[in-house]
Amino acid sequence: MADADPRQQVLNRLRRARGQLNAVIDMVEQERSCKDIVTQLAAVSKALDRAGFKIISTNLQECIARDGEPDENGVTVDELEKLFLSLA
């Protein structure tokens, strides 16, 4: 996956999280054990966090390549740092 487009990597992670979330919903509907549900829910959370970190990482790399200048949307390094910390 390291050679794939960063956008595609994020989409793959989000699709995986969506599938995991669907599984959590099914588990709740089926009244599965608390342990099983929470374990699956933790996997969803981790997948979403990884997608968020990948988005921030990619944008930081692009920002560094622009010598710290904001992107076309005006996002600065400081804003990316705040976004990173919101996920940490």
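Tutor: Two residues are in contact when they have heavy atoms within 4.5 Å. Please keep in mind that this is a predicted model.

Student: Which residues is Cys-63 in contact with, leaving aside its neighbours within four places in sequence?

Tutor: Cys-63 is found in helix H2. It counts as buried because its relative accessible area is 0%, and buried means under 20%. Apart from neighbours within four places in sequence, the residues in contact with Cys-63 are Gly-68, Glu-69, Val-77 and Leu-80.

Student: How many Å apart in space are Cys-63 and Ser-33, C-alpha to C-alpha?

Tutor: In sequence, Cys-63 and Ser-33 are 30 residues apart. In space, the separation from C-alpha to C-alpha is 45 Å.

Student: What span does helix H1 reach from its first C-alpha to its last?

Tutor: Helix H1 covers residues 6-29, which is 24 residues. At 1.5 Å a residue, a span of 34 Å is expected. The model comes close to this, for H1 reaches 35 Å.

Student: Which helix is included in what covers the buried residues of H1?

Tutor: Several residues of H1 are buried, among them Gln-9, Val-10 and Arg-13. Lys-54, which lies in helix H2, touches Pro-6, Gln-9, Val-10 and Arg-13, when residues up to four places away in sequence are not counted. The cover of the buried residues of H1 includes H2.

Student: Where is the nearest side chain of opposite charge to Lys-54, and how many Å away is it?

Tutor: Lys-54 is buried yet has no salt bridge. A salt bridge needs a side-chain nitrogen of Lys or Arg within 4 Å of a carboxyl oxygen of Asp or Glu. The nearest side chain of opposite charge belongs to Asp-5, at 8.8 Å.

Student: Which side chains meet in a salt bridge?

Tutor: Side chains of opposite charge can pair when their charged atoms come close. A search of the whole structure finds one salt bridge. With 3.7 Å from N to O, the pair is Arg-32 and Asp-36.

Student: What accessible area do Leu-21, Ile-25 and Leu-41 have together?

Tutor: Leu-41 lies in helix H2, and this residue counts as partly exposed because its relative accessibility is 42%. Together with Leu-21 and Ile-25, Leu-41 forms a nonpolar patch on the surface. The accessible area of the three together is about 240 Å².

How values were computed: Residues are numbered from 1 along each chain as its sequence is written. This is a predicted model: local features need pLDDT of at least 70, side-chain atom pairs count only at pLDDT 80 or more; totals for chains, interfaces and linings use all residues. Side-chain values use heavy atoms; hydrogens and water are left out. Patches are made of residues with over 30% relative accessible area and no salt bridge: like charges are joined within 9 Å, nonpolar side chains (Val, Leu, Ile, Met, Phe, Trp, Tyr) within 5 Å. Accessible areas come from the Shrake-Rupley method with a 1.4 Å probe; for residues, only the protein chains shown count as cover. Helices (H or I, at least four residues) and strands (E, at least two) are DSSP runs, numbered from the N terminus. Buried means under 20% relative accessible area, exposed over 50%, partly exposed in between (1.4 Å probe, protein chains only). The expected span of a helix is 1.5 Å times one less than its number of residues. Lys and Arg count as positive and Asp and Glu as negative; His and the chain ends are not counted.
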